[in-house]
Structures are given as C-alpha cells and as structure tokens.
Amino acid sequence: MGTSNNSDEFKRDAVRQITLRGYPVGEVSRRLGVSTHSLYEWMKLFADPVPKTGVDHEAENRRLKWVLARVIEERDILKKATAY
C-alpha cells in the first residue's frame with residue numbers, strides 16, 4: 001500500500017465538502033482525483049465524531065435570500081399597480 005501525497009488540510013477540506021456541504025463522495029472523488037476508498041478512510045479520521053443535527057445554515061441563508069428577492073419583486077409590482 002502506498003503513502004499519501006496529500007496534506008492533512010487537503011484531506012480535511014475534502015471531508016468538509018462531503019459532510020458539511022453535502023456533496024456526494026463520488027463527485028468529490030472525481031473532482032479531486034482521489035479514490036472513493038481514500039475519501040471514506042479520511043472521513044473516518046477527520047469527520048466530527050458527533051454528527052451535527054439541525055439546519056445547514058448556508059443553504060438556509062441562500063433559500064431565504066431567494067425568497068426575500070422574490071417578495072421584494074412582488075411588492076414593487078404591487079406598488080406600481082396601485083399607482084395607476
């Protein structure tokens with residue numbers, strides 16, 4: 001079995017893409033050019049021992065910004081309609 005040429009920081013970043021951002025292991029594997037087996041091993045080493053429960057705050061933030069933009073647009077349309 002060979003030695004790893006990747007730094008611990010690289011491995012942690014790869015694991016974060018899977019655990020925090022929700023990317024599939026296969027996709028991260030292809031993008032980074034590492035085997036899925038390596039990623040699963042890194043997840044055992046570097047993933048948080050207790051899985052975080054709750055909301056993915058980044059995704060929730062994006063969703064709320066999108067909803068806010070839509071509501072502002074609707075409000076502006078209604079303002080213009082009442083002006084006539």
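**View 1. The whole chain and its confidence.** The protein chain has a mean pLDDT (the predictor's confidence in each residue, from 0 to 100) of 86, and 87% of its residues reach 70 or more. This is a predicted model, where local features need pLDDT of at least 70 and side-chain atom pairs count only at pLDDT 80 or more, while totals for chains, interfaces and linings use all residues. Residues are numbered from 1 along each chain as its sequence is written, and side-chain values use heavy atoms, with hydrogens and water left out.

**View 2. The largest nonpolar core.** Eight residues make it up: Ala14, Val15, Ile18, Val25, Val28, Val34, Leu39 and Trp42. (Such a core is a set of buried Ala, Val, Leu, Ile, Met, Phe, Trp, Tyr and Cys residues joined through side-chain atoms within 4.5 Å.) Two or more residues each come from α1 (8-19), α2 (25-32) and α3 (36-46); helices here are DSSP runs of H or I, at least four residues, numbered from the N terminus. The top giver is α1, with three residues.

**View 3. An aromatic pair, Phe10 and Trp42.** These rings sit edge-to-face, 6.0 Å centre to centre with 80° between the planes (rings pair if their centres lie within 6.5 Å, and planes over 60 degrees apart count as edge-to-face). Phe10 is in helix α1 and Trp42 in helix α3, 32 residues apart. Trp42 counts as buried because its relative accessibility is 7%, whereas Phe10, at 27%, is partly exposed (buried means under 20% relative accessible area, exposed over 50%, partly exposed in between, with a 1.4 Å probe on protein chains only).

Technical notes. Phe/Tyr/Trp six-rings, centres within 6.5 Å; stacked < 30°, edge-to-face > 60°.
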